[in-house]
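Please read the points below with the coordinates open. They cover the fold, the core, the charged pairs and the backbone.

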Amino acid sequence: MRFSIYTIDSTIFDNDVVSVTLPTESGEITVLRHHAALMTIVKPGNITIRDGSDREEIIQFETGGFLEVQPEGRGVTLLAS
């Protein structure tokens, strides 16, 4: 699935991933391919991204934002505030 992080000025991350784990107002969630459609607010904290070769990348997310998970693994977009 495609995971993208955008700010008003730039693209921070835009790549295919296997999973992404991030902090939301309701607690930490992990989004996998075929995740149900979802919209939620993301809190500051660590975002853990796992790619197809099982490599893990951690991004320190210092602002909040808004997450959209599109149905059927079509994409995951984080709009940073």
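How many salt bridges does a search of the whole structure find? The search finds 5, a salt bridge being a side-chain nitrogen of Lys or Arg within 4 Å of a carboxyl oxygen of Asp or Glu.

1. Basis. This is a predicted model, in which local features need pLDDT of at least 70 and side-chain atom pairs count only at pLDDT 80 or more, while totals for chains, interfaces and linings use all residues. Residues are numbered from 1 along each chain as its sequence is written, and side-chain values use heavy atoms, with hydrogens and water left out.

2. Fold. The protein has 9 strands and 0 helices; both are DSSP runs numbered from the N terminus, helices being H or I of at least four residues and strands E of at least two. The order along the sequence is β-β-β-β-β-β-β-β-β. The radius of gyration is 11 Å, close to the 12 Å of the globule rule for 81 residues, so the protein is as compact as a globular protein of that length. That radius is taken over C-alpha atoms, and the rule is 2.2 Å times the number of residues to the power 0.38. Along the principal axes, the C-alpha atoms fill a box of roughly 25 × 25 × 25 Å.

3. Of the 81 residues, 37% are buried; buried means under 20% relative accessible area, exposed over 50%, and partly exposed in between (1.4 Å probe, protein chains only). Among contacts (heavy atoms within 4.5 Å) between residues at least 6 apart in sequence, 42% join residues at least 24 apart.

4. Core. The largest nonpolar core has 18 residues. Such a core is a set of buried Ala, Val, Leu, Ile, Met, Phe, Trp, Tyr and Cys residues joined through side-chain atoms within 4.5 Å. Phe-3, Val-20, Ile-47, Ile-49, Leu-67 and Leu-78 touch the most other members. Strands 1 (2-6), 3 (19-24), 6 (45-50), 7 (56-61), 8 (65-70) and 9 (75-80) each supply at least two residues of this core, and strand 9 gives the most, with 3. Beyond its neighbours within four places in sequence, Val-20 is in contact with residues including Phe-3, Ile-29, Val-31, Ile-47 and Ile-49.

5. The Arg-2 network. Arg-2, Asp-14 and Asp-16 are linked in a network of salt bridges. The Arg-2 to Asp-14 pair has an N to O distance of 3.2 Å and links strand 1 to strand 2 (residues 11-16), with the two residues 12 apart. For Arg-2 and Asp-16 the closest N and O atoms are 3.4 Å apart; Asp-16 lies in strand 2 and Arg-2 in strand 1, so this pair ties together parts 14 residues apart in sequence. Arg-2 is partly exposed at 34%, as are Asp-14 at 36% and Asp-16 at 48%.

6. Arg-55 and Asp-51. These two form a salt bridge, with the closest N and O atoms 2.8 Å apart.

7. Backbone. Most residues other than glycine have a negative phi. His-34 has a positive phi near 70°; His-34 sits in the loop between strand 4 (27-32) and strand 5 (38-42) and is exposed at 51%. Asp-54 also has a positive phi, about 65°, and lies in the loop between strand 6 and strand 7. Asp-54 is exposed at 53% relative accessibility.
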